[in-house]
Structures are given as C-alpha cells and as structure tokens.
Amino acid sequence: MIKKITDDLDQLKRNCALKNRHIIILFVDQLSLKMSSLKDIDKKNDLIVMCETTDYFSLVPHHKIKIAYQLSCMRHFYEQLKKKGFRLEVTTITKKNNSQILHEELSTLITKHNPQKIIFTEPSEWTTNEMIKSLKRKT
C-alpha cells in the first residue's frame with residue numbers, strides 16, 4: 001500500500017514537472033496556427049500565453065475601431081485554440097488585476113508557471129521585441 005502511494009506521488013511529481021515545459025507567447029498580429037512558435041507545440045505540456053494590455057495597444061496610435069477589432073480577433077483565436085485542445089493562459093484587458101503593462105503581465109505569468117523555456121515569434125514592433133528579450137534574460 002505504501003509503495004503504491006509512493007509510486008503515485010512520484011508519478012504526480014513527474015507530471016507536474018512537465019506541466020509547463022514551454023510558455024509560448026502570442027501577440028495580436030500572430031493569430032494563426034501556422035506561426036513558427038506553435039510548430040512543435042506539445043498540447044499537454046506547453047502553455048500558450050496571450051495578454052491584452054492598454055500599453056500594448058497604445059504603442060502605435062490606432063483608431064478605437066481597429067483596437068476593438070484586434071481584441072475581437074484575439075478572443076476568437078483563444079476560442080479556436082481552446083476547441084483544438086491547447087492549454088491557454090489569457091489576460092484580458094478587463095481582468096480585475098490586469099496591470100495594463102505587457103511586460104508586467106508576462107513576468108507574472110512566467111513566474112507563476114515557471115517554464116523550462118519561453119518561445120515566441122519575433123514581434124512586429126521593435127519595443128515589444130526588446131521587452132521580450134529582456135524577459136528571457138531574467139528567467
């Protein structure tokens with residue numbers, strides 16, 4: 001009986017260790033299943049992260065309708081990924097504790113999930129790309 005419980009605990013530890021093998025960060029201009037960052041994803045052990053923050057949407061001036069369209073596209077893509085069985089962690093712009101600062105939200109998620117590796121496709125904005133590189137150096 002004790003051997004079985006010990007074996008079960010060891011298996012549980014191994015499963016937990018694999019749970020967040022990689023965090024894959026997706027941005028609003030990367031809403032496609034063909035993104036290079038999703039190429040070798042393990043649906044059981046990798047976690048896709050997407051964040052809606054006001055600072056990200058204000059990097060470049062956009063019309064309010066375009067921002068609403070981008071948020072809508074992100075949310076439809078979340079649903080598509082969920083239906084396909086991907087693991088997701090999403091910070092919506094209306095989330096109660098959302099700092100509205102992309103690097104803070106990503107740092108929080110990385111600390112929370114403690115991945116072995118952070119994967120992302122290079123963002124189209126230079127400032128976002130530099131911010132992601134700095135996050136990777138900190139982990």
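Author: The model is predicted, and a search of the whole structure finds four salt bridges.

Asp-46 and Arg-21 meet through their side chains in a salt bridge, with 2.8 Å from N to O. Distant parts of the chain are linked by this pair: Asp-46 belongs to strand β2 (residues 46-51), Arg-21 sits in the loop between α1 (2-18) and β1 (22-26), and the two are 25 residues apart. Asp-46 has a relative accessible area of 1% and is therefore buried, the cut-off being under 20%. Arg-21, at 23% relative accessibility, counts as partly exposed.

Arg-75 is the partner of Glu-52 in another salt bridge, where the closest N and O atoms are 2.7 Å apart. This pair also links distant parts of the chain, 23 residues apart: Glu-52 is in the loop between β2 and α2 (54-57), and Arg-75 is in helix α3 (residues 64-83). Glu-52 is buried, at 0% relative accessibility, while Arg-75 is partly exposed at 33%.

Glu-89 and Lys-112 form a further salt bridge, their closest N and O atoms lying 3.1 Å apart. Because Glu-89 is in strand β3 (residues 87-91) and Lys-112 in helix α4 (residues 102-113), the pair ties together parts that are 23 residues apart in sequence. Glu-89 counts as buried at 16% relative accessibility, whereas Lys-112, at 55%, counts as exposed.

Key: Residues are numbered from 1 along each chain as its sequence is written. This is a predicted model: local features need pLDDT of at least 70, side-chain atom pairs count only at pLDDT 80 or more; totals for chains, interfaces and linings use all residues. Side-chain values use heavy atoms; hydrogens and water are left out. Helices (H or I, at least four residues) and strands (E, at least two) are DSSP runs, numbered from the N terminus. Buried means under 20% relative accessible area, exposed over 50%, partly exposed in between (1.4 Å probe, protein chains only).
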